[in-house]
Amino acid sequence: MSEIDPKDLAAYAETADAWFRENVVRDPGFMLPLTFMEVGTDQQFHFLQDWQHKVWEAGYLGAAWPQAYGGRGLDQAFQNEATKAMRRHGGPIMLNAIGINWAGPLLLDIGSEAHKQTYLKGIVSAEDIWCQGFSEPEHGSDLGSAQTRAVRDGDSYVLNGSKIWTTLGRHAKYMILLCRTDPSAGRKYDGLSFILTPMTVPGVRTVPIRKLTGEHGFTQTFFTDARVPAEGLVGKEGEGWRVAMRTLEYERGARGGQAGGYVSVGSDAFEVVEMAKRMERAGAPALDDPLIRDRMVEFMIEIQSMSLCRQRLAVPALNTDHPAGLPLSFKLMATEFGRRVNEFAVSLTGARGAYYVGDERAVDDGIWTRAYLNAFSGTIGGGTSQIQHNIIGEHVLGLPKS
Amino acid sequence: MQDLGRVGFSEEQGSLLEVATTFCREQSPIAKVRRLMEDETGHDPAVWTQIAELGWLGVAIPEDFGGSGLGLAEVAPIMEQMGRNLLSTAFASTTLAAQALIAGGTDAQRQAWLPKLATGTAATMALVEAGGDWNLEVVACEAQEAGAGRIRLSGQKFLVSDAAAAEAIITSVMWRGKPALVLIPATALPDGALRRETIIDETRRAYALSLDGIDLALDALLDTDLASATLAHVHLAANLLAAAEMCGGTQAAIDLTVEYAKTRKQFGQPIGAYQGVKHPLVDAYVQYEQARSHLYAAAHCFGEQGTGEIAVRMAKATADAVFAFASDRAIQFHGGFGFTWDCDAQLYRRRAIWHASQYGDAAWHRRKLADLLL
């Protein structure tokens with residue numbers, strides 16, 4: 001990559017800032033989801049699809065992807081500036097999360113030329129929504145035991161089985177599917193393959209799952225003799241586990257290639273502070289209570305910790321002992337923080353903590369309680385926090401397998 | 001919103017970290033640490049000489065006074081590696097005394113002492129009093145005019161680190177109704193002024209200091225107009241150095257426990273395979289990484305008005321919490337062996353208690369942060 005002219009970068013940042021200031025719609029008249037896993041209504045879906053498309057068209061998503069595949073061919077630094085501007089102006093989330101953060105970087109990295117030509121532009125423009133088919137009803141965190149069967153038949157694979165927790169499953173055109181091509185392989189991991197699967201072929205059926213929040217957003221996906229093209233295979237047959245693990249590294253932020261933007265907006269500790277100023281305890285602001293102040297500071301330190309850890313990751317000399325340590329820890333840090341800070345926020349709302357979304361007395365329309373309940377999608381999805389502990393313990397600290 | 005600080009890492013920090021990593025590991029194997037615990041001075045004079053020769057004592061001293069003109073940011077990686085290897089010397093004490101002179105000494109004091117401190121003369125601060133108050137402006141000891149340009153000190157100081165090795169002790173006293181700092185050359189100490197104290201961290205040395213009867217020239221006072229600012233500066237500097245030493249210690253405590261968990265077998269498998277052991281170790285590790293990020297943010301932002309204080313307090317608060325947790329679990333996960341003197345886990349737990357007790361623990365710094373942030 002050639003040297004970046006700081007003047008070009010600054011000019012780009014300024015234009016991006018102006019564009020987001022002009023174009024962000026903060027309140028479309030209905031509640032926007034905080035994460036891509038919370039898209040429950042068609043109204044939300046279409047709004048966010050249009051928004052991502054618009055951002056891409058303006059050149060502020062996938063700016064660092066090659067021009068041939070729907071990007072702008074710029075250095076990652078430009079995309080980072082665009083993402084910052086997006087955040088600064090409170091832009092809604094990017095909808096096509098699995099596409100821009102998982103499938104896209106994977107295909108850029110190890111996909112065939114045909115894969116790149118076929119899929120990348122639709123991903124970044126939000127024209128083609130992607131979903132992920134790793135977890136199964138009987139195998140949540142234990143992905144290596146996936147049983148959904150793929151049998152090769154000429155130029156096709158024939159799929160049978162079921163995947164669960166398919167975010168955006170109802171809307172998705174494609175799925176990244178981890179399935180079993182060889183049930184007789186000695187190690188369970190060696191019998192798996194990774195297939196880009198169209199969701200629109202006969203034999204694929206999605207059934208909505210209602211979440212603990214009362215909302216929709218996930219589906220269970222059933223495959224019944226569904227015939228999909230064999231050219232969707234990524235890597236070789238039997239390499240699915242390796243490909244899937246690589247994909248998870250994009251998700252955990254341990255590898256680059258993501259198109260940019262963000263797919264969730266957490267309630268951060270600073271927003272909780274603002275809320276606590278409005279809440280009351282014994283006739284005084286809740287934020288005057290010394291115990292609440294102490295916990296608040298703990299959360300502020302913790303959110304600063306995560307920001308500083310990301311900065312420190314850019315200093316190789318401060319990552320020599322466990323180079324994979326920080327990248328593999330971010331998911332655990334961020335999702336557990338999200339769960340606890342929202343739980344704490346609910347506790348600040350006093351008696352009104354009993355209200356939920358839909359009641360006019362609910363503090364901030366009930367977002368805190370909803371965010372707390374939704375936060376479990378982070379601590380459970382993509383490998384539970386307990387599995388993250390195993391991963392860090394084994395892959396970073398070198399402890400024996402549990 | 002306030003700037004809470006950011007990570008930065010200079011080339012000099014990088015090379016000092018590299019050298020210190022090797023030096024401290026080689027000069028402070030655990031058997032030697034234990035041998036020095038039994039030694040009256042607690043220090044290896046040969047190591048002290050080498051530290052001076054490496055120029056580390058002058059890292060944060062201006063070039064005009066014989067130092068290399070860097071800052072405490074560059075001292076942090078050295079301190080971290082000392083902590084990691086439980087390498088005890090008067091390094092931190094001397095660095096703090098130099099900081100006091102840089103921030104609030106008179107020109108004559110700086111010229112007389114800084115070049116010496118930069119090259120191997122040890123010094124220390126005497127700030128703690130009987131009540132153990134972390135607020136350094138709560139001072140009962142006194143300096144009184146004794147006529148003929150002399151002052152006479154009175155009162156008792158406690159937990160004075162490395163006082164026996166120090167050729168200068170800078171202490172806080174009340175002077176004309178306000179806190180002030182006084183430099184006491186070791187030559188001015190009456191016999192028996194120092195008494196070694198029994199402290200929790202046996203790798204360190206601390207002394208009670210009786211100021212009664214110490215008689216000095218008026219110019220032993222540091223700049224009285226700057227006393228308050230100097231105390232604040234020393235307080236933050238001490239916490240930055242402590243956070244660094246604690247991060248290093250935490251790393252070592254985790255390494256020690258991980259190594260044991262890999263090899264010690266119970267019920268047919270290494271205990272590290274049990275999630276009851278593995279998961280808390282991971283919690284300690286993740287918190288350690290966070291504390292280390294805070295450390296290098298605090299080091300980088302140390303001199304920044306406002307931000308420096310926030311970053312340092314966050315660094316000490318996180319380091320205290322994780323050092324306590326990691327060393328506590330280190331004892332527990334060593335099982336019966338952990339309950340013994342011979343297991344090194346206790347060394348880290350004891351050191352964590354020492355650092356929590358000096359210049360404020362996690363809860364105290366959070367209290368200060370609440371006032372700064374909320």
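Two strands pair if DSSP finds at least two bridges between them, and helices (H or I, at least four residues) and strands (E, at least two) are DSSP runs numbered from the N terminus. The close-ups below come from a predicted model, in which local features need pLDDT of at least 70, side-chain atom pairs count only at pLDDT 80 or more, and totals for chains, interfaces and linings use all residues. Residues are numbered from 1 along each chain as its sequence is written, while chains are lettered from A and ligands numbered from 1 in the order in which they are written.

**View 1. An open sheet of 3 strands in chain B, ordered β4-β8-β7.** Pairing here is antiparallel. Strands β4 (156-161) and β7 (194-196) of chain B stand at the edges with a single partner strand each, so one side of each has no neighbour in the sheet. On average, neighbouring strands are turned by 30° against each other, direction ignored; axes are lines fitted to C-alpha atoms, for helices over the stretch in contact, and angles run from 0 to 180 degrees between N-to-C directions. Look next at β7(B) and β8 (residues 206-210) of chain B, which pair in the antiparallel sense over 3 bridges. L194(B) has L209(B) in β8(B) as its bridge partner.

**View 2. Helices α5 (residues 91-104) and α6 (residues 107-118) of chain B, packed at an angle of about 155°.** Their axes are 10 Å apart. The angle makes α5(B) roughly antiparallel to α6(B) (under 35 degrees counts as roughly parallel, over 145 as roughly antiparallel, 65 to 115 as roughly perpendicular and the rest as oblique). The crossing is left-handed, a term used if the near helix is turned anticlockwise from the far one by less than a right angle. From α5(B) come T94(B), A97(B), A98(B) and L101(B), and from α6(B) come Q109(B), R110(B), W113(B), L114(B) and L117(B); residues are in contact if their C-beta atoms, placed from the backbone, lie within 7 Å. By class, the contact has 6 nonpolar, 2 polar and 1 charged (Ala, Val, Leu, Ile, Met, Phe, Trp, Tyr, Cys and Pro count as nonpolar, Asp, Glu, Lys and Arg as charged, and the others, Gly among them, as polar).

**View 3. Domain 1 (11-121) and domain 2 (125-226) of chain B.** Domain bounds come from an automatic or database domain assignment. The centres of the two domains, taken over C-alpha atoms, are separated by 22 Å. Domain 1 of chain B brings 21 residues to the contact and domain 2 of chain B brings 19. On the domain 1 side, α2 (30-37), α5 and α6 of chain B each supply at least two residues, and α5(B) gives the most, with 6 residues. That side has 11 nonpolar, 10 polar and no charged residues.

**View 4. Helix α8 (residues 290-313) of chain A crosses helix α8 (residues 275-301) of chain B at roughly 75°.** The helix axes come within 8 Å, and the crossing angle makes α8(A) roughly perpendicular to α8(B). Here S305(A), L308(A), C309(A) and R312(A) meet E289(B), Q290(B), S293(B), H294(B), Y296(B) and A297(B).

Definitions and conventions
Two residues are in contact if their C-beta atoms, placed from the backbone, lie within 7 Å.
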